[in-house]
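Here are my notebook entries from a first look around this fold. I started with what packs together inside, then turned to the open space.

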Amino acid sequence: MHPADDQDPGTPAAHTDDQDHPAAPAAPTVRAAGCVLWRRSPRSPGLELCLVHRPRYDDWSHPKGKLKPGEDPLAGALREVAEETGYAAAPGAELPTVSYLADGRPKEVRYWAAAATTGAFTPSDEVDRILWLAPAEARARLTRPRDRPLVDALLAALSPGTTPCP
């Protein structure tokens, strides 16, 4: 198919041969993946979600990170969880993908529900603290509003009638 074939016929073609004003190349989408990491609360009935604190941004978020070239998104999500939290995780349902601009470039983060299995947190330069919080507390603590619907998506994925991991 010719590139102009899928253009609206009422829209003039973009001029890319103008040497004074060449068309700017579209920035490639940054691909990332992460998990909404959860566990059964050791203190009370119910679930706790793991949030990570990144000192570079002074924010609270779900564990996530950029994919390596050619890396499977789910494998990358589990790698990032292990690197940032110290926990291995059993993946569950895929959750909504979050898209936004980061430093002027489009970024797409695929997320999965994941049950924490084994591990222990060790602070690093990238993540200096984690918190295990009840869902409502986690939703309130998340720095960016775009991360909050993932809490609801996790709860829907683990709704009654499902058998979640640990």
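I began with the largest nonpolar core, where Trp38, Leu49, Leu95 and Leu154 touch the most other members out of 22 residues. Strand 1 (30-40), strand 2 (47-54), strand 5, strand 6 and helix 3 (149-157) each give two or more residues to this core. I then found a second, separate core of 16 residues, with Cys35, Leu67, Tyr87 and Trp112 among them.

My terms: a nonpolar core is a set of buried Ala, Val, Leu, Ile, Met, Phe, Trp, Tyr and Cys residues joined through side-chain atoms within 4.5 Å. Buried means under 20% relative accessible area (1.4 Å probe, protein chains only). Helices (H or I, at least four residues) and strands (E, at least two) are DSSP runs, numbered from the N terminus.

The model is predicted: local features need pLDDT of at least 70 and side-chain atom pairs pLDDT 80 or more, while totals for chains, interfaces and linings use all residues. Residues are numbered from 1 along each chain as its sequence is written, and side-chain values use heavy atoms, without hydrogens and water.

Next I asked which residues Leu95 touches, leaving out those up to four places away in sequence. I noted Val36, Tyr111, Trp112, Ala113, Leu150, Ala153, Leu154 and Ala157, with contact meaning heavy atoms within 4.5 Å.

I also checked the cysteines. Cys35 counts as buried because its relative accessibility is 0%, and Cys50 is buried with a relative accessible area of 0%. I found 0 disulfides, a disulfide being a pair of cysteine sulfur atoms within 2.5 Å.

Technical notes: Buried < 20%, exposed > 50% of the residue type's maximum accessible area, 1.4 Å probe, protein only.
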